[in-house]
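Please look through the structure shown here before reading on, following each chain in turn. The paragraphs below then take up its parts one at a time.

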Amino acid sequence: MSSAATQPRTRLTIERRLNRNAGWTFTMYLSATLIGLALSALLLWTSGADVAKAFSALLKGAFGSQKAWIGTLSKATPLILTGLATVVAFRAQVWSIGQEGQVYAGAMGAYLGCLVFAGLPVALYLSLIILSGIIGGALLGTIAAVLKDRFDVNEIISTVMMNYLIVFLLSYLIGGGPWTEISSTVVYQQTGPVPDASQLPQLLGSKKLHLGFLFAMASAVVCYVLLEKTPLGYEIRALGYNPVALAYRGTNIGRTIIMVMAISGAIAGLAGVSEIFGTSHRLRSDTLYGLGYTGIIIGMIGGLRPLGTVVAGIIFGGLASGALYMKLLAKVPSALVPAMEGILMLTFLCAGVAAHYRLVRVGDGDV
Amino acid sequence: MPAILKSVNLTKRFPGVIANEDVNFELEQGEVHCLFGENGAGKSTLSSCLFGFYHPEEGHIEFDGKPVRFRSPRDAIHMGIGMVHQHFVLVADFTVLANIIVGTHEQGWRLGLPEARARIEKLCAEYGIELELDAYVRDLAVGQQQWVEILKALYLEARVLILDEPTAVLTPAESERLFRIVDHMCKLGLSIILISHKIAEVMQADRVTVLRKGKVVDTVRPADVTPQELTRMMVGRDVELRVARDTAETRATDTVSVLIVEGLSYRDGLGKTALDDINLTIGEGEILGLAGVSGNGQKELFEALSGVLIPQVGRITLTGEEIKGLPSRHYMDRGVGLVPDDRFREGLIPEFNIRENMILGWQRHDDYTNGIFLDHKHIGTVADGLIDEFQIVAPSGATPVNHLSGGNAQKVILAREFVHSNKLLLANQPTRGLDLGVIEYVYKQIIAKRDEGYAVLLASEELEDLLNLSDRIAVISSGRITGIVDPDTTTIEEIGLLMAGSTDGVAA
C-alpha cells in the first residue's frame, strides 16, 4: 500500500490551460503539420513511391506557380464555403451534417433559376441564379431546423437523411427525368451545358478561378462580422455555449436555430452555385460529391473560425490540386491523397485539443 | 482515543489554486468531527482526498495508524470509509434493497438477496433507521433517499462515514432525527466526518476543524468556543450576520400589489404536478420570503413568474396586466428581473466575458446596438461602470465569467438584473454557496431595491435569513403553498411543519 521512499520526486502532468497562448497554439499546429507529413511520408514509402519526389511534386502542383495557385484557389473555393457553413452551425452547437445536401440543393435551385429566368439581362440573370441557389440551400437547412424546433427531431439524423433525399432527387432529374441531357442515343447523368450568360465570370483571365472565389472571401468576412459584431451572432455563440441561460433571458431558441440553419444552408448553397456555374458549367452529381462532408473537416480544422477556415480551405485546395501533379510526376496512386488528407485532419484535430492543455512538472504525491 | 483516519501535511493543488495546504486533520475513533468553512475553503477537497477521489500532491493519509495510499474510492471503501455525497447516486427505478447491494457483487454470480435483506434489516434495527426495503427509490422523499445512501455505506462495513452537507435537503425535524442517529452511531463505534457551514450543526459536533483558504485554522471543541468565535475563525473577520429590516411604520401594509398570482398550477412533461394552485401577492416595497426544502416547486414557480415556463392553469397579473402565457421576453420588457438558483447554468454564458454577460437578454436593445451591429464601445462603458458599482473583482471586463468566483459571478447577474428591471425582482437562492461577506452584500443590495419600491420574491434555504429579511414568508411543499406566516410571530418549528407539508400549523 505504501512505500518507504520519501525522496521528493517530480513528474509531468497535463493541465488544462485557463488562457490560450498564441505561441503554444502555433507550436502545436506546426507539430501537427510535421507529424502529419511524416506519417504521410511513411504511407507513400510503403506504397513504393519516391517520397522526396512525391512531396516536391505535391508542393509544386499546389503552390509552385501562379497557375498552381489558381488551381489551388479554385479547388479551395467550394471547400471554404462549406467550411463556413459548418462554422455557423457548429458555433451554435447545431450539429448539421447537411452541408452536402445543401450544396446539391443550391446547385439545383440555381439551375432551376437558370431555366426560369433565361432571357433576362445578364447582370440580373446572374444575380437571380445566384439568389435561387442561396434560397435552395437555405430552404433545405430550414427544414431540418423547423423539424428540430417543432418536433425535437435530432438535426444529425434529419440532415443526413435529407442528404440522401436530395442526391436521389438529382439522380432522378438528370438520370432520365426532365433535366436529363439526351444526345442522340446515350443518356448521361448530367444536364446539358448552361448558357454562356449564366456562367460566373472568370478572374485573372484564367479558365479556372471565377467569381465564386470572391464570394467565398466575402462570405468569410460576413461570417466573421455576423458572429462577432451583431446581436444575432451573439445569440448564435451563446446558443452554442449555454442555451439554457439564453432561453432564461428571453431569446427564442427555436427561432435562433432556424436562423442558424438558414444561414448555414445559404452559404453551402453558394458552394453549389459556384461549382456548377463557375467550374463544371453543367449540373452533374460527381463534381458536387463530398464537398459538404469535406467542408465539415475544413471548418473543424479552422477552429470554427472564419479566418482559420479560409486557411484550412486553401491548404486542402492545395492538396487536391497538387495531388494531380503528384500522381503524374511521382506515380503515386491517387487514392493516397484522400488518405493523406485524413491523416492531416487527425493531427490537426489533435493539435486543436492540445492547444488547450499544457505540461507541468509537479512534486509526486506518493508517500 | 486513537485516531482512526488522519491526514499529515496534506497538500492538493488545482490549476491556479492551492485547495489544501499542509492540512493536518485527525478523526478519532467514535467522534463526530465537523469540517467547517466557507465555500472554497477546501472542505470538499480534503474529504475527497480522504475518500481516495483525489490524490494529494504532498503529505499522506493514515488509516488505523498505518500510512495508506488510495488509488481510487474503491480502495477507501475497501478499508472501511464510506461517503454520502450531496448529490445522491441512486437508481430511481430500483428498490431500496437493490440500490444498497448494487455494485457490491460480493456473491459472485448469485445476488444473494435473502442474506442481504437480513443483514440490512439488522443494520436498520441496530441504528434505528426506518426504511421500507421494497419501496422504489423514486417514491422516496429526498430525506429518505439520504438514508439509503447511508445504509449503502454501512452495508459495506464502513467504520468511517463522511457526510457532505447532509442537512441541505432536510427539513428541521429530519435534521434533528439525523443528528440523533449520528450520535447513536458514534456510540456504537463509528467515526463520522460532517461537512457543514451551518453554525448550529457545528456546535453539536464533538470537535470542529475550521478551514480557511485551504489551510487549517484550528481544531477546537465547540464547548470551548462561542459561535461568534467560530464564525470569526471561518471568515477571518467579524461579520454582521443580521441585516436590519425596516421598522414597522415604514413597512408595507396596504401598498399597491405589483404581482398577483391566482390559482397557478403546472404539470410538467412527465405529468407530475409541480405547482398546485398557488396564490400569492407581493406589494410594492415588500419582500416575500419563500421557504421550503429544495425541489418542492421553487424552481418551477420562479420559472413561471419569469415566463420561462407557462403554467396550464391560473393567472399572473403584473401591475394590473394579465401576462400569463406571454414569453419571457415580455416579462423582461415589463421590468421583471430574475436571479436564478443555478447561476452558471441559467444566469450566465460561462464562456462569455463579463461585458457580454451584462447584456444577456438585452443584446437587441437599442441602447446596445448601433444599426444592425452591437455597440461594443457603449456596452463596454456600461459594463465597466457596473463592475465598479457592484465591486466585481476581475482583471477586466473582458474576463470570461467562468474565471470568476461564485460571488463575483453572482454580482454580474445582480448588476444585469438590477439595471434592466424596475418592478419585480425574483431571487431564487441568491446567496447559495457564497462567502459570508458576499452574502451580506447581496442582501444589502436586495434591501436597497426593496426600498426603491421593487416587489421582491426571495427564496432561501437559510431560514434565519428569511426571518431577518422578509415582510412575510410563504412556505412551499410539494408545489403547494402550505402557509404564509409573519416572521415576527412565527417560529422555526412552525415553518418546519409547513415545509414538511402540514397545513395544520397555519395561523388564520
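This is a predicted model: local features need pLDDT of at least 70, side-chain atom pairs count only at pLDDT 80 or more; totals for chains, interfaces and linings use all residues.

For chain B the average pLDDT is 87, with 94% of the residues scoring at least 70.

Where chains A and B meet, 26 residues from chain A and 35 residues from chain B take part in the contact. On the side of chain A that touches chain B, strand 1 (10–16), helix 8 (231–241), helix 9 (243–248) and strand 4 (357–363) of chain A each supply at least two residues, and helix 8 of chain A gives the largest share, five residues.

The largest nonpolar core holds 239 residues, of which Ala107(A), Ile81(B), Leu426(B), Val456(B) and Val475(B) touch the most other members. Helix 10 (residues 253–280) of chain A gives the most to this core, namely 14 residues. If residues up to four places away in sequence are left aside, Leu426(B) touches several residues, among them Phe302(B), Val336(B), Val339(B) and Leu457(B).

Most residues other than glycine have a negative phi. Asp277(B), however, which lies in strand 12 (residues 273–283) of chain B, has a positive phi near 55°, and this residue is partly exposed, with 14 other C-beta atoms within 10 Å. Thr319(B), in the loop between strand 14 (313–318) and strand 15 (321–322) of chain B, also has a positive phi, near 35°, and is partly exposed, with 16 other C-beta atoms within 10 Å.

Notes. Residues are numbered from 1 along each chain as its sequence is written. Chains are lettered from A and ligands numbered from 1 in the order in which they are written. Two residues are in contact if their C-beta atoms, placed from the backbone, lie within 7 Å. Helices (H or I, at least four residues) and strands (E, at least two) are DSSP runs, numbered from the N terminus. pLDDT is the predictor's confidence in each residue, from 0 to 100. A nonpolar core is a set of buried Ala, Val, Leu, Ile, Met, Phe, Trp, Tyr and Cys residues joined through C-beta atoms within 7 Å. A residue is buried if 20 or more other C-beta atoms lie within 10 Å of its own, exposed if 12 or fewer, and partly exposed in between; C-beta atoms are placed from the backbone.
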